[in-house]
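Before reading on, please take a moment with the sequence and the structure shown below.

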Amino acid sequence: MNEILNLIGSFLTSAVRQAAPLTIAGIGVAYAEKAGILNIGEEGIMLAGAFTGFITAFFSGSLFLGVLGGMAGGLIISMLHAFMCVHCKTNQTISGLALNYLTLGLTSFLFLLAFGKGSSLPSIAKLKSLPVPLLSKIPVIGEALFNQNILVYLVYLVVIVSCIILYKTEWGISITAVGENPGAADTAGINVYGVRYLMCAVNGLLGGIGGCFITLGQLGYFQEDIIAGKGYIALVAVILGRRNPVGILLTAMIIGFTESLQFTLQAKGIPLPSQAFSMLPYLVAVIVLLLSFGKGYDPSALGIPYDRNKR
């Protein structure tokens, strides 16, 4: 019995770690989309955060500075997207996709420039788990929820704070108003451009944390295209979670369970090609997305540039 409980606890612990970067990156996207900015470029934001977080931690020797570096990397890419969408009024889908490819090429080039070609990847120490006294001793769930690294606990905080901001404050009302009817919001005295820039900044900071979580909290190294589609899966979590922080968390947990199952099946030596295991989380994401088709709700002005001269 104890062995079964330990196995379940290990499975849940792995699932939480897999879900954490998707959750915090997804909540960042939710802020931007609630303000009317469609961000397909989350993959690039997370990749920038993963790269700058690793580079900063590697050369400074500080994981704390690494997290700040990851936030800065995500912020830069997100603000480029904001400038093109808000100021230049470009197509937001094209802008996001272009930034994904730009970031992929740029991070690969800069990594090669910094470390050259080698037979082994440079690595750093990962963030250590910090058990919460008493709570971490709760059977099964204690290990999974309360014996994690500091970024997992930050995810819990971000979910709670975001629920309060979006649904219990005037800021949340302003964000929603800008995403639903920017013209009316402008007439009411809300700075539409300012809100959209600010929400893109929040998106960049949280997406950068999601990216550096992978290099600093999970793997301890960086390689080309290390995000491997997790930015797009975060977008799926946003859609399925209906831009609600709790909904995004629950969706990310479902995907996290799938990823954890993938590793468990591989460890058990199931006779299937490794590619079959690798595609499992993405397959589940697509299936769940198809099952929820038509049940979502998008802000009325999502993806539509605002020009106050055309009101």
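Predicted model: local features only at pLDDT ≥ 70, side-chain atom pairs only at ≥ 80, totals over all residues.

D298 lies in the segment after α12 (274–291), and its side chain meets that of R243 in a salt bridge, with 2.8 Å from N to O. R243 itself sits in the loop between α10 and α11, so this pair ties together parts of the chain that are 55 residues apart in sequence. With a relative accessibility of 5%, R243 counts as buried.

Side chains of opposite charge can pair when their charged atoms come close. A search of the whole structure finds two salt bridges, and E33, R243 and D298 are linked in a network of salt bridges.

The next topic is helix packing. Two packed helices are described by the angle between their axes and the distance between the axes. Helix α2 (residues 42–60) packs with helix α9 (residues 192–219) at an angle of about 55°, their axes being 6 Å apart, which means that α2 is oblique to α9. The crossing of these two helices, α2 and α9, is right-handed. On the α2 side the contact includes G49, A50 and G53, and on the α9 side its residues include G207, G208, G210 and G211. The residues of this contact of α2 with α9 divide into eight nonpolar, nine polar and one charged.

Helix α9 also packs with helix α6 (residues 150–168), where the axes come within 11 Å and cross at roughly 155°. Since angles over 145 degrees count as roughly antiparallel, α6 and α9 are therefore described as roughly antiparallel to each other. The crossing of α6 and α9 is left-handed. Here L151, V152, L154 and V158 in α6 meet L206, I209 and F213 in α9, and by class this contact has seven nonpolar, no polar and no charged residues.

Key
Residues numbered from 1 in each chain as written. Heavy atoms only, no water. Axes fitted to C-alpha atoms, helices over the stretch in contact; angles between N-to-C directions. Helix = DSSP H or I, 4+ residues; strand = E, 2+ residues; numbered from the N terminus. Parallel < 35°, antiparallel > 145°, perpendicular 65-115°, else oblique. Left-handed = near helix turned anticlockwise from the far one by under 90°. Contact = heavy atoms within 4.5 Å. Nonpolar A, V, L, I, M, F, W, Y, C, P; charged D, E, K, R; others polar. Salt bridge = Lys/Arg side-chain N within 4 Å of Asp/Glu carboxyl O. Buried < 20%, exposed > 50% of the residue type's maximum accessible area, 1.4 Å probe, protein only.
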